[in-house]
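The sequence and the coordinates are shown first, and the description follows.

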Amino acid sequence: MKYSAFSLLRNAFSYNRKWQPAWRDPEPKKKYDVIIVGGGGHGLATAYYLAKEHGVQNIAVLEKGYIGGGNTGRNTTIVRSNYLWTEAALLYEKSMQLWEGLSQDLNYNVMYSQRGVYNLGHNLQDMREIERRVSANILNGIDAEIVGPDEIKANIPAINMSRNSRYPILGASLQRRGGIARHDAVAWGFARAADAQGVDIIQQCEVTGLKQSNGSITGVKTTRGDIMSDKVGVVVAGNASVLAAMADIRLPIESHPLQAFVSEPLKPVLDTVVMSGAVHGYISQSDKGDLVIGAGIDAYTGYGQRGSFMTIEHAMQAIIELFPRFSRVRMLRQWGGIVDICPDACPIIGKMPVTGLYFNCGWGTGGFKATPGSGWVFAHTIAHDHPHELNAPFDLARFSTGALIDEHGAAAVAH
Amino acid sequence: MLLIRCPYCGARDESEFSCGGESGISRPLNPDALSDEQWADYLFMRKNPRGAHQELWNHAQGCRRWFNVERDTVTYKIAATRPIGLKG
């Protein structure tokens, strides 16, 4: 399928009914070499890298709804790698390096815009933590700077720099290579590229059981029949505990609603990403002109893909504190995802106690930025039956050994 | 906004409460006798069900007592609220 101005015109005149599908809709086969459960960005990326980097031929991605319809389609699209600890920083940085070549690699415009990400500091402790994190980033070869109030005001004219505000802005960290990307495009780009490599993308196919024999995975039960495989990679975000329970595995995960919003479209007023841990909100402006806003999770566990109105009010308070001139902007759409929160705000990527079963979960509120990197290391783990050194520290066993990697600060989203 | 019936104060808005997660988890009486995996299970592992959930809530801006809530994690409908120690 070639896209061009001519094809747009031609298809417009035939009511857009003759576009070629960008990926096939095959019937599930009886057996695959690898089954990926979860057709979000991470699952589709995993399938793509399994085919492309590891030459695995016979792969299926099973998605209970439509691809990218879960958290991949519900996030605030921020991409950055400015995490504190070396283990986490290197994993997110791997992902960022994949982002930088992704549109070319997938031949699909994921609209990755490296417009910078500011993490604001509002008090002395914030600024000390920023100094520490920026230093840690630089030591790990990740771009990071500290910027003062003058530069913040010059680059973000709409922001409230008043010294009389409740939480005055004292400074910020800045990762210039960070930014935003188009979330749907990432799912569709990986889907089309994976399909082109022969991956079967099976939608409306819910996994209802994991089949085992003698401590090894033999396949999955689904709403479209049983499918056999010796390797099953589960990457279902908020539904991780549900799938784990099918193999009698307990996880340290709690699934919470995370809400987000877009405003009515505005003329360009914000050309970078602004995040505040203390005031608690994060905002950017999409190319369509809408302000894309997020804040913290709802406190209760929930699979409803919605949360409480008071959470929306908290998010709006934060945004208006930072950008008073947005007080009369109307919110246009609100939605929620199901985020799999892990006690140390870091993911679990690795082998499970059942041979041939692999889980990739626990990304919580920060999974979108990791989409290519997560798929890349998960593919390696499945292909080699062994984690890559980048995801080796993120095993389930760390909760028994105590080797937690605490990224609550850098995650910058209240839990 | 959830409407939560505190067993002591009656029905109040969700904003008056704080959520304590899964209920029914007892601190092991002899932690030194546990393996690391058993201790990790107590500290970290959770049921996190899709469906009926037994959870703890605290009436933080009211009587400040803890109580149990049975709530469906998909519909968010609260089936019952009970004082600690009372079975349903």
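Predicted model: local features only at pLDDT ≥ 70, side-chain atom pairs only at ≥ 80, totals over all residues.

A polar contact is a pair of N or O atoms within 3.5 Å; within protein, one must be able to donate a hydrogen and the other to accept it, and residues adjacent in sequence count only if both atoms are side-chain atoms. Such a contact, of 2.6 Å, joins the side chains of B:His53 and B:Glu55.

Residues are numbered from 1 along each chain as its sequence is written, chains are lettered from A and ligands numbered from 1 in the order in which they are written, and side-chain values use heavy atoms, with hydrogens and water left out. The complex receives an ipTM of 0.97 and a pTM of 0.97 from the predictor. For chain B the mean pLDDT is 96, and 98% of its residues reach 70 or more.

B:His53 belongs to strand β4 of chain B, residues 52–58 (strands are DSSP runs of E, at least two residues; helices are runs of H or I, at least four; both are numbered from the N terminus). Beyond residues up to four places away in sequence, B:His53 touches A:Thr301, B:Glu22, B:Val69, B:Glu70, B:Arg71 and B:Thr73, where contact means heavy atoms within 4.5 Å.

Accessibility is compared below; buried means under 20% relative accessible area, exposed over 50% and partly exposed in between (1.4 Å probe, protein chains only).

| Residue | Relative accessible area | Class |
|---|---|---|
| B:His53 | 4% | buried |
| A:Cys205 | 1% | buried |
| B:Cys63 | 24% | partly exposed |

The sulfur of B:Cys63 lies 3.7 Å from the closest cysteine sulfur, that of B:Cys9, which is too far for a bond. Across all chains, zero disulfides (pairs of cysteine sulfur atoms within 2.5 Å) are found.

In helix α9 of chain A, twelve of the 14 residues are buried, so α9(A) is largely enclosed by the rest of the structure. Among the buried residues are A:Trp376, A:Phe378 and A:His380. Just after α9(A), A:Asp385 adopts a positive phi of about 55°.

A:Phe190 is in contact with A:Thr371 and A:Pro372, among others, when neighbours within four places in sequence are set aside. Both A:Thr371 and A:Pro372 are buried residues of α9(A).

Technical notes: pLDDT = per-residue confidence, 0-100.
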